[in-house]
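Work through the exercises below with the structure open. Each task is followed by a stepwise solution.

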Amino acid sequence: MDSIPEGDSTSNTDNTSITINTNTSNNSISSASASSSSSSPSTLSRYENQKRRDWNTFGQYLRNHRPPLSLSRCSGAHVLEFLRYLDQFGKTKVHTQLCPFFGHPNPPAPCPCPLRQAWGSLDALIGRLRAAYEENGGTPEANPFGARAVRLYLREVRDSQAKARGISYEKKKRKRPPQPPPALPPPSSKLKTMNK
C-alpha cells in the first residue's frame, strides 16, 4: 500500500515542521487519552494512528492551500485536488495508452509511464478521512469525503488503472461456509424385502 506523504516534497522545512507537529500531537493525544480514562488502551490501533496521520496531512494541505482553506469551506472539489496532489508521491506504475505495455499486469521491461497512487490506497485514505471528519465534529451530510464527485473519481481511477495494468476488478462473491451433506435416511423395510 502506498504511504501518504506529510507535506510538500519541495521544501525540507515544511516536512520538518509537519513531522514535529504530528509527533507532538501524537504524544499529547496518547498521554491525554491515557490519563483521561483508565479503561481505554493507551496505544491506538494501526488504523487509528494512520487515520490521525492522514487527518493531519489533510489539515496541512488546507493550510498550505493558496488561499488557505478552513475545513468548513472545504468541498468535494478540494478533496479531488488533494487526491491529484498525492499522485506525485505514488508508487504504482500506470501505463498510458501509447505505452506498449498498456494492459499488461507484469511488463517485461521498464517504461517511462508515470507513477500514481494506487486505487486501493486512495479508497482506503478516503474511508479514513471520511471517518476522521465526522469524529472531528463534521456532519455526515456536509462530509466532503463522501461527495458524489469523490466517489465518481475513485471509480474512474479504479477502472482506468485496471485497464492500464491489465487487472480486472470484479466484485468478489461472498464465500459461503460449506454445508455438510444431508444425512441419508435409514434403510426402510421395503428395501430389505426387495433385496430378499
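**Exercise 1.** State how W55 and F58 are placed along the helix that holds them, then classify their ring pair.

Solution. The model is predicted.
- Step 1: W55 and F58 are three residues apart in helix α2 (residues 46-64), so about one helical turn separates them.
- Step 2: A pair of aromatic rings is described by the distance of the centres and the angle of the planes.
- Step 3: The ring centres of W55 and F58 lie 6.5 Å apart, and the planes meet at 35°. Planes under 30 degrees apart count as stacked and those over 60 as edge-to-face, with the rest tilted. The W55 and F58 pair is therefore tilted.
- Step 4: W55 and F58 are both buried.

**Exercise 2.** Classify the pair of F58 and F82, and find which parts the pair ties together.

Solution. 
- Step 1: The centres of the F58 and F82 rings are 5.0 Å apart, with planes at 80°, so this pair is edge-to-face.
- Step 2: F58 sits in helix α2 and F82 in helix α3 (residues 76-86), so the pair ties together parts 24 residues apart in sequence.
- Step 3: F58 is buried, and F82 is buried too.
- Step 4: The structure has 11 aromatic pairs. One aromatic cluster is formed by W55, F58, Y61, F82, Y85, F89, Y133 and F145.

Note on methods. Residues numbered from 1 in each chain as written. Predicted model: local features only at pLDDT ≥ 70, side-chain atom pairs only at ≥ 80, totals over all residues. Heavy atoms only, no water. Phe/Tyr/Trp six-rings, centres within 6.5 Å; stacked < 30°, edge-to-face > 60°. Helix = DSSP H or I, 4+ residues; strand = E, 2+ residues; numbered from the N terminus. Buried < 20%, exposed > 50% of the residue type's maximum accessible area, 1.4 Å probe, protein only.
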